[in-house]
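Reader: Could you walk me through a few spots in this model, one at a time? I'll jump around a bit.

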Amino acid sequence: MAKLPDGRLPIEDLLATSRRVSMNTNAYATVLVAPYEQWRASAMDRSYQKELAKKYRQLQKKGALSFSCCSDSAAVLETMEVMRKFRGPRFHAQGDGDLLQRPEYYGFYSDVALRGLGSFVRLYAMKMDGEVIAAVLGLCHRGSFLVIMSAFDIAGYKSQSIGALMFEQVARDCIERGDQMLDFTIGDEPYKKSFGAQPSPMWEVTQVGSAAGAIALFALKQAPWLKLAAKRLSDLKVQPAHTATPTR
């Protein structure tokens, strides 16, 4: 069981297994305070504030810029489709696959966004001349907004730091709604600290149930790349056999 937050239920006691071990990665969250200007001044370096303000002005000059939280199913489906389009090349370039490229995962997350619309889910969209150029999907829970996934038109707006500008607008909206926490969740991406997010360790618990499991665990510890290889292998789809069309 991986990605266990710090300071939570000691589930290893229930499983009668060894103590949890560090995953060598963290989750990040920033405390929100109202008004937005106060949070921005306390969470972000002054130079970074000026940099983003300059890039936001540059972005505004490119066309009609808008930011909103999707409020109907049509907006959700449009934004999810664009999110899938932007994430494909990005994760392919990093050498890993993107779950949204698989129909079953895309259907699942789209269904979550639709069912949770107006309650436990928010899907934010930034548009330029009516076209989605950035999106953030997350869950709302007890005054916190927890980011699940995001996507940006990096190719079209790389010099404007569109990802950072998007999260700045997300933070503003969260504060205006009365949220107390913007949780970027797991991952050590540097941009999170730029918004005043603090790291929280992530843990994992392992319980071996058989001799074969013990051998597998040993192999994974000796060669972690096996885990990644197994994941990529599971992503491969068996292609149907091609039957040649007879010629006359």
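Reader: Is Lys-192 buried or exposed?

Author: Lys-192 is buried, at a relative accessible area of 2%, where buried means under 20%, exposed over 50% and partly exposed in between, with a 1.4 Å probe and protein chains only. This is a predicted model, in which local features need pLDDT of at least 70 and side-chain atom pairs count only at pLDDT 80 or more, while totals for chains, interfaces and linings use all residues. Residues are numbered from 1 along each chain as its sequence is written, and side-chain values use heavy atoms, with hydrogens and water left out.

Reader: And what does Lys-192 touch?

Author: Leaving aside residues up to four places away in sequence, Lys-192 touches Tyr-28, Phe-184, Thr-185, Ile-186, Gly-187 and Ala-197, contact meaning heavy atoms within 4.5 Å. A polar atom of the Lys-192 side chain also lies 3.5 Å from the backbone oxygen of Phe-184.

Reader: Where is Thr-185 found, and what is its phi?

Author: Thr-185 is found in strand β7, residues 181-186; helices (H or I, at least four residues) and strands (E, at least two) are DSSP runs, numbered from the N terminus. Its phi is near 60 degrees, a positive value in a residue other than glycine, and Thr-185 is partly exposed, with a relative accessible area of 23%.

Reader: Which peptide bond is cis?

Author: The one from Ala-34 to Pro-35 is cis, with omega near 0 degrees, and Pro-35 sits in the loop between β2 and α2. For background, most residues other than glycine have a negative phi, and most peptide bonds are trans.

Reader: Which residues of α2 are buried, and why do they line one face?

Author: In helix α2, residues 36-43, the buried ones are Tyr-36, Trp-39, Arg-40 and Ala-43. Seen down the axis of α2, they fall within an arc of 100 degrees, so they line one face of the helix; the arc is that of the directions from the helix axis to the C-beta atoms. These buried residues pack against β2 (21-31), α3 (46-60), α7 (162-177) and α8 (191-194), whereas the face turned away from the buried side carries the exposed residues Glu-37, Ala-41 and Ser-42.

Reader: Switching topic, how many disulfides does the structure hold?

Author: The structure holds 0 disulfides, a disulfide being a pair of cysteine sulfur atoms within 2.5 Å. For Cys-70, the nearest cysteine sulfur, that of Cys-69, is 6.4 Å away, and Cys-70 counts as buried at 8% relative accessibility.

Notes
Polar contact = N/O pair within 3.5 Å; in protein donor to acceptor, adjacent residues only side chain to side chain.
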